[in-house]
Amino acid sequence: MKKFRQFIKSKRGAVFIIIAMCLTMMAGIVASALDYSRGGLLRAELGAALDSAALAGGTVANSSTLNATVTKYFNANLPAGYIGSTIDPLTITEAADKSTLTVASAAHLQNAMMPVVGWSTTNVSASSQVTVEKKGMELVLVLDNTGSMTETAGGGQTKLQALQTASNSLLSILYGSNDTLPNFWVGVVPFSQAVNIGNTRSSWTTGVTSQDWGTGNSWKGCVEARYASGMDVTDDPPSTALFPPYYSTCVAWSSSNKWYNSWYGSTTSSLGGSNSPALTLKTGCNKTGSWAYSSPLDTVITNTNGGTTNNYNYGPSQYCPAQPVLPMEASKTIVLNTINGMTANGDTDINLGLVWGWRLLSPSWRYTTGTSGSTSLWGGDMATYTYSGQHLPLDYNTPLMNKVVILLTDGDNNVTVGNYTAYGALSKGILNANVTNSNNSSANSALDTKTTAVCNSLKANGVIIYTIALGTDITSTGKTLLQGCASNPAYYFSSPTGADLQTAFTTIGDNLSNLRISQ
């Protein structure tokens with residue numbers, strides 16, 4: 001009993017008990033700190049992975065690959081089982097107008113020591129939101145309106161219909177649910193073997209009153225290419241050099257050469273088959289004695305004969321595109337109405353469409369007197385709207401603004417023997433001194449050279465160019481031309497079908513959107 005009392009009263013070794021207790025507490029604190037730091041690390045990595053995934057998703061916000069792209073980038077930055085965690089499936093949410101994209105998730109980590117105090121799991125959650133911001137932009141759509149656009153693009157659509165559908169999707173991406181956006185304008189240049197600048201712009205021509213346009217008819221709005229002055233591939237404004245009006249003279253019609261333009265004469269002829277609208281042809285191009293004009297003039301005639309359907313055009317404005325150039329416009333509705341009003345007819349002179357696209361974007365075309373003045377050259381919204389004190393078109397490389405061209409064609413440059421174009425008749429040798437009425441290959445090569453010259457000028461001035469080859473008729477030469485014209489290889493799109501075109505326009509729309517982390 002005495003020894004027991006001595007043990008109870010003894011103070012020797014008490015320090016070891018205290019040290020043991022402290023060590024136990026310190027070990028718990030360290031373990032808890034480890035659990036806490038692992039949770040903090042998981043939270044930080046989860047947020048970073050969501051930011052990366054949201055930004056990647058924003059670049060394909062309008063694509064069917066959205067979910068796959070977001071998941072791919074998230075997993076690359078936060079692998080499954082990271083430091084022993086389990087990760088919930090991603091929640092991917094787009095605003096109705098696709099203006100924002102939100103990506104969220106949660107992760108769970110089994111604690112090592114915290115269960116002793118009832119905290120067995122660390123749960124963290126995070127989200128990231130990107131806002132798709134539309135940078136200020138002057139965008140010009142240079143669109144093929146040639147006769148081959150009536151061919152099928154698959155899916156029950158013609159190429160022209162596929163173009164109109166895809167253009168609607170593109171503009172829906174860029175505008176969202178809005179009809180206008182701040183500092184955003186779109187112009188349209190329909191082209192074939194000429195470009196229609198609009199019949200209100202006769203002051204830009206050398207004169208339209210001296211020609212015979214036919215009874216009840218007048219200048220439609222097309223112009224020649226200023227080839228005599230060498231300014232067919234430049235952005236020189238009308239104040240520097242005027243444009244000869246496009247005027248296709250009467251050429252005797254024959255059954256074997258229906259492209260010949262017989263639009264007045266004394267004898268009524270027939271195209272054969274059925275015509276819509278109904279057509280009265282004339283032969284002989286003879287103004288002596290009793291003569292009259294064909295009716296209707298300068299209208300696309302759909303002719304069906306023996307099961308074959310072709311489009312023909314007769315008159316002084318033969319194959320002039322029906323839809324004039326639309327100067328840059330703020331309203332999505334007006335742009336879409338222009339595109340939906342396009343019709344297909346004529347040959348392919350890509351350089352003509354492209355150079356007029358440049359003239360819509362060139363500051364040299366801002367005023368009637370050039371880059372300075374007070375009277376807008378193009379008029380309309382280009383005269384009304386300003387940015388940093390400038391009317392449209394803005395100076396090249398204006399801060400926070402882009403100038404962009406989207407060029408679409410379904411064929412190579414091509415001049416049909418016998419047709420009148422913005423370069424006159426092929427037989428005149430304007431495109432190449434060696435051209436004859438039976439050989440157009442050198443003329444087509446000359447058009448390729450001119451197209452490349454315009455592409456290079458646009459890019460030299462900082463204009464971004466996207467090019468699209470629609471259908472399967474474009475040769476390797478034509479594809480190479482478009483690839484070289486695009487600002488970089490990724491901006492060239494081969495679209496054999498209407499579905500492919502839809503994908504191309506969606507990709508371009510996403511590319512033109514600028515992203516930032518907003519939350």
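1. Trp-291 counts as partly exposed because its relative accessibility is 30%, where buried means under 20% relative accessible area, exposed over 50% and partly exposed in between, with a 1.4 Å probe and protein chains only. Tyr-293, by contrast, is buried, with a relative accessible area of 16%. The model is a predicted one, in which local features need pLDDT of at least 70 and side-chain atom pairs count only at pLDDT 80 or more, while totals for chains, interfaces and linings use all residues. Residues are numbered from 1 along each chain as its sequence is written, and side-chain values use heavy atoms, with hydrogens and water left out.

2. The structure holds 19 aromatic pairs, a pair being two rings of Phe, Tyr or Trp (its six-membered ring) with centres within 6.5 Å, called stacked if the planes are under 30 degrees apart, edge-to-face if over 60 and tilted for the rest.

3. With bonded cysteines counted along the chain, they follow the pattern 1-4, 2-3, 5-6.

4. Cys-222 is joined to Cys-320 with an S to S distance of 2.0 Å, and the link is right-handed, with 90 degrees about the S-S bond. Cys-222 lies in strand β10 (residues 222–223) and Cys-320 in the loop between β16 (308–313) and β17 (326–329), so the pair ties together parts that are 98 residues apart in sequence; here helices (H or I, at least four residues) and strands (E, at least two) are DSSP runs numbered from the N terminus. Both Cys-222 and Cys-320 are buried.

5. Cys-250 and Cys-285 form a disulfide with their sulfur atoms 2.0 Å apart, and this link is left-handed, with -80 degrees about the S-S bond. Cys-250 sits in the loop between β10 and β11 (264–269) and Cys-285 in the loop between β13 (281–284) and β14 (292–293), so that distant parts of the chain, 35 residues apart, are linked. Cys-250 is buried at 15% relative accessibility, and Cys-285 is buried with a relative accessible area of 17%.

6. A disulfide also joins Cys-455 to Cys-485, S to S 2.0 Å, and it is left-handed because the torsion about the S-S bond is about -90 degrees. The pair links distant parts of the chain, with Cys-455 in helix α8 (residues 441–460) and Cys-485 in helix α9 (residues 476–485), 30 residues apart. Cys-455 counts as buried at 2% relative accessibility, and Cys-485 is buried with a relative accessible area of 2%.

Notes:
Disulfide = S-S within 2.5 Å.
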